[in-house]
Amino acid sequence: MTGVRQIARDWILRYGHPKLISFLRAARRYLHLAYRIVIPTQRGGWPRIPAADHRVAAAIWFKFLTTDQYFGRLQFYQSFEPLGLAGQRPTEERARLYGFDTLIGPASRVLDVGSNMGCISLEAARRAREVIGIEINEDLLWIAEKLRKHVGVANVRFLRMSFDRFEDVERFDLILASAVRRWIGMPIDAFAVRIKSLLKPGGVLLFESNNYRDLAEEFEAEVQAIVGAGFEAVNSGTTHFDALRKFYALRRIT
Ligand SMILES: C[S@@+](CC[C@H](N)C(=O)[O-])C[C@H]1O[C@@H](n2cnc3c(N)ncnc32)[C@H](O)[C@@H]1O
């Protein structure tokens with residue numbers, strides 16, 4: 001905090017009426033909220049962003065802030081660049097780091113496990129034939145569906161579903177399981193078997209950790225368990241936005 005701001009703050013806290021102090025605190029909170037809502041939606045500058053985009057962005061922010069959201073905490077977990085929505089983890093940059101252009105082709109079928117607000121699914125859909133995003137949080141699904149409709153993407157379906165109950169008749173070329181394995185709470189061997197049953201032979205699991213600094217040993221052991229179930233690592237890398245995370249592209253070989 002700068003010197004002048006610090007002096008003003010100390011002065012108000014010392015001599016200000018308690019009601020004035022609580023008013024200023026509330027004002028700061030709401031200004032902060034307005035800043036969070038308005039600025040990200042105005043990247044590019046009014047009126048270059050169409051009013052419809054602003055309306056959708058505001059509705060999404062409203063849903064996000066008025067429901068009990070754990071992921072992202074006052075910030076979206078994922079960004080959505082077409083609407084200028086900032087997030088904890090930038091979607092387009094993640095797609096580049098994961099190698100979506102190599103992993104996904106026009107015939108690809110993609111499953112996004114724990115699709116959150118759907119931004120990674122929608123990004124995958126730009127390259128794929130079909131994408132299914134499964135998510136247990138209905139408010140996040142509402143946001144995902146709102147985004148999908150707004151940008152007019154027809155090859156994505158968002159389903160309210162827990163991963164352990166998901167079945168499909170057609171198998172997938174790519175399964176995205178980013179920062180989600182821990183939340184599913186399935187033993188790793190069962191998880192690997194399930195992933196394998198959903199993937200085509202030669203299909204790829206993109207498997208990403210939660211905070212790698214804390215969980216490196218556990219995550220590497222999980223990767224080894226998946227490899228033991230009939231996969232080989234064809235790529236790996238790290239992302240470093242909110243936390244250091246490691247990911248592997250694991251191809252089904254048996
Ligand atoms: C840390 S976020 C990761 C979101 C997304 N995979 C990404 O990397 O941007 C985990 C997400 O998985 C969802 N989730 C948790 N348990 C799940 C389950 N059993 N089945 C499907 N989704 C689940 C959560 O609601 C949350 O949106």
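Alanine 179 is buried, with 21 other C-beta atoms within 10 Å (buried takes 20 or more such atoms, exposed 12 or fewer, partly exposed is in between, and C-beta atoms are placed from the backbone). This is a predicted model, where local features need pLDDT of at least 70, side-chain atom pairs count only at pLDDT 80 or more, and totals for chains, interfaces and linings use all residues. Residues are numbered from 1 along each chain as its sequence is written.

- Alanine 179 has a positive phi, near 50°, and is a residue other than glycine.
- You'll find alanine 179 in the loop between strand S4 (172-178) and H8; helices (H or I, at least four residues) and strands (E, at least two) are DSSP runs, numbered from the N terminus.
- Asparagine 116 isn't a glycine either, yet its phi is positive at about 55°.
- Asparagine 116 sits in the loop between strand S1 (109-113) and H6, and it counts as buried, with 26 C-beta neighbours inside 10 Å.

**Around the ligand**
- The ligand has 20 residues around it, and Gly114, Asn116, Ser162, Ser178 and Trp183 come nearest (near means a C-beta atom, placed from the backbone, within 6 Å of the molecule or strand).
- That shell has twelve nonpolar, six polar and two charged residues (Ala, Val, Leu, Ile, Met, Phe, Trp, Tyr, Cys and Pro count as nonpolar, Asp, Glu, Lys and Arg as charged, and the others, Gly among them, as polar).
- Domain 1 (3-83) and domain 2 (91-252) each give at least three residues to the shell, with bounds from an automatic or database domain assignment.

**Two domains**
- The C-alpha centres of domain 1 and domain 2 are 31 Å apart.
- Across the boundary, 15 residues of domain 1 are in contact with 13 residues of domain 2 (contact means C-beta atoms, placed from the backbone, within 7 Å).
- On the side of domain 1 that touches domain 2, there are nine nonpolar, four polar and two charged residues.

**Helix H4**
- Thr91, Arg94 and Tyr98 are buried in helix H4 (residues 91-98).
- They share one side of H4 because they cover an arc of only 60° around the axis, going by the directions from the helix axis to the C-beta atoms.
- The cover over the buried residues of H4 includes helix H5 (100-103), helix H6 (119-125), strand S5 (199-208), strand S6 (231-240) and strand S7 (244-252).

Methods: Contact = placed C-beta atoms within 7 Å.
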